[in-house]
Amino acid sequence: MSALPRSLPDAHPSATLAEFASTLQFDDIPAAVVRRAEDLLLDTLGSILAGAGSRAVQTIGRYASTMGPAQGPAEVLIDRRGTTPLFAAMVNAAAAHVVEQDDVHNGSVFHPAAVVFPPALAVAQALGASGRDLLTASVAGYEVGIRAGEYLGRSHYKIFHTTGTVGTLAAAVTVGRLLGLDPARMLHALGSAGTQAAGLWEFLRDAADSKQLHTAKAAADGLTAAYLAQDGFTGAQRILEGKQGMAAGMSTDADPSRLTDRLGERWALAETSFKFHASCRHTHPAADALLALMRDHGLKADDLAEVDAQVHQGAIDVLGPVVNPTTVHQSKFSMGTVLALIAREGRAGLAEFDAALHDAEVARLRERVRMSFDAEVDEAYPQRWIGKVSVRTTDGRILSARVDEPKGDPGNTLSRGEIEDKAMRLGTYAGAATEAEMRALIDQVWRLAELPRVGRLLPT
């Protein structure tokens, strides 16, 4: 291994993040944050298993089988085979994001779990790391990734899928911590990760599969950056804030103060939300508001003549192109489809989306939904995701409702029992695991901090 300086001469933001990630210890992390990390891990494992049957995930899985070894220490959860950490992280990350049930951090508009836990698990299994090591590395990945997303701001998210871009940084930090990179090498890992960061929203217009490639590549490329840095490979020292770094090319409203905001005191992981509905997070506030309105006024789907979802500009940017969804995945980015399911079924879960794509009644209800820009909602976003809807009923009434914290947000979070129930539904959804296997998996996650070595999660 080639020699690199161990000390960082300048305390610029990228270096500060590298120092934090390199030196974070399990005992530095508050117990409540560790518990939340366990909750998020279980939530993610359920999402991975639920994504096992996805055509896009299966394609990436076959690619990994073709390019990677047939055996290895890291577990591909969707088919239980072993391979290298690179390909296990790639496939598991693709699966984690496809059913739209993985977590989201509001302020960064970033889904950390899909790009943090797959490489964390794969590398921990390969190294024989402890459960505490896995949790510590995952917290480091969350803290750096979330801050990078907040730093790049709303202008970045308008064009770039933040989970694909800053997700590469988060994955690099996660793996780097498991590898024991010193601050200098961790900074090189960030540099190599940032230069690979990519992910564009254009895929939504065509119902393309790119979103799964975004998480797959973020996990794999971040892992690559960390392993290269371990062996002396160098990367840009100011990849985030440099004159030709990520913000320079990917943002017009970057806020450098967000990068190191109360680092080590404010635990951004604890701010992360669980997704209650199986759809794009931008639909959730309006879905919760419509659900409350229909419950409070005793309405049925047939009572709705028009529905107006009052949203922030980010929702319009992402959801606006999806007018007539042609795949189940694209329908999860259709405000009309989501609110149609809420109106008719009272929920927008995996089974409801599967049945809705060619449902004529859902299509008719979808046509009654529109989105409109709301200044209050937009001003609060992304720190707060307010939900507001107005409806005109078939008998001429104008009704409205709002929610200030959608279900799953930290102030309206899921209990451990609800997380277990969700994981059980997700894990058994595509037949990737049995109920008995999911019960054993749940128990293993709750005991993770006690495990001296992270092994396989599912029987072969």
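Reader: Which residues does glutamate 100 touch, not counting residues up to four places away in sequence?

Author: The model is predicted. Glutamate 100 lies in the loop between helix 4 (85-98) and helix 5 (113-127). Leaving out residues up to four places away in sequence, the residues that glutamate 100 touches are Lys211, Lys275, His277, Ala278, Ser279, Cys280, His329, Lys332 and Phe333.

Reader: Is glutamate 100 buried or exposed?

Author: Buried means under 20% relative accessible area. Glutamate 100 has a relative accessibility of 1%, so it counts as buried.

Reader: What separates the C-alpha atoms of glutamate 100 and cysteine 280?

Author: Cys280 is among the residues that glutamate 100 touches. The two residues are 180 residues apart along the chain, and their C-alpha atoms are separated by 6.2 Å.

Reader: How far apart in space are leucine 213 and valine 57, C-alpha to C-alpha?

Author: Leucine 213 lies in helix 9 (residues 210-230). Its relative accessible area is 46%, so leucine 213 is partly exposed. In sequence, leucine 213 and valine 57 are 156 residues apart; in space, C-alpha to C-alpha, the figure is 8.8 Å.

Reader: In which loop is arginine 80 found?

Author: Most residues other than glycine have a negative phi. Arginine 80 is not a glycine, yet its phi is positive, about 65°. Its relative accessibility is 19%, so arginine 80 counts as buried. The loop that holds arginine 80 is the one between strand 1 (74-76) and strand 2 (81-83).

Reader: What is the relative accessible area of alanine 207?

Author: Alanine 207 is in the loop between helix 8 (183-194) and helix 9. Alanine 207 also has a positive phi, near 55°, in a residue other than glycine. Alanine 207 is buried, and its relative accessible area is 17%.

Reader: What is omega for the peptide bond from tyrosine 381 to proline 382?

Author: Most peptide bonds are trans. Proline 382 has its place in the loop between helix 17 (375-380) and strand 5 (387-393). The bond from tyrosine 381 to proline 382 is cis, with omega near 5°.

Reader: What is the radius of gyration of the protein?

Author: The protein has 19 helices and six strands. For 460 residues the globule rule gives 23 Å, and the protein comes close to that, so it is as compact as a globular protein of that length; its radius of gyration is 21 Å.

Reader: Among contacts between residues at least 6 apart in sequence, what share joins residues at least 24 apart?

Author: Buried residues make up 62% of the 460 residues. Of the contacts between residues at least 6 apart in sequence, the share that joins residues at least 24 apart is 78%.

Reader: How far apart are the centres of the positive and negative side chains?

Author: The accessible surface comes to about 16800 Å², and 51% of it belongs to carbon and sulfur atoms. There are 45 positive and 55 negative side chains, and the centres of the two sets lie apart by 2 Å.

Note on methods: Residues are numbered from 1 along each chain as its sequence is written. This is a predicted model: local features need pLDDT of at least 70, side-chain atom pairs count only at pLDDT 80 or more; totals for chains, interfaces and linings use all residues. Side-chain values use heavy atoms; hydrogens and water are left out. Helices (H or I, at least four residues) and strands (E, at least two) are DSSP runs, numbered from the N terminus. The radius of gyration is taken over C-alpha atoms; the globule rule is 2.2 Å times the number of residues to the power 0.38. Buried means under 20% relative accessible area, exposed over 50%, partly exposed in between (1.4 Å probe, protein chains only). Contact means heavy atoms within 4.5 Å. Accessible areas come from the Shrake-Rupley method with a 1.4 Å probe; for residues, only the protein chains shown count as cover. Lys and Arg count as positive and Asp and Glu as negative; His and the chain ends are not counted. The place of a charge is taken as NZ of Lys, CZ of Arg, CG of Asp or CD of Glu.
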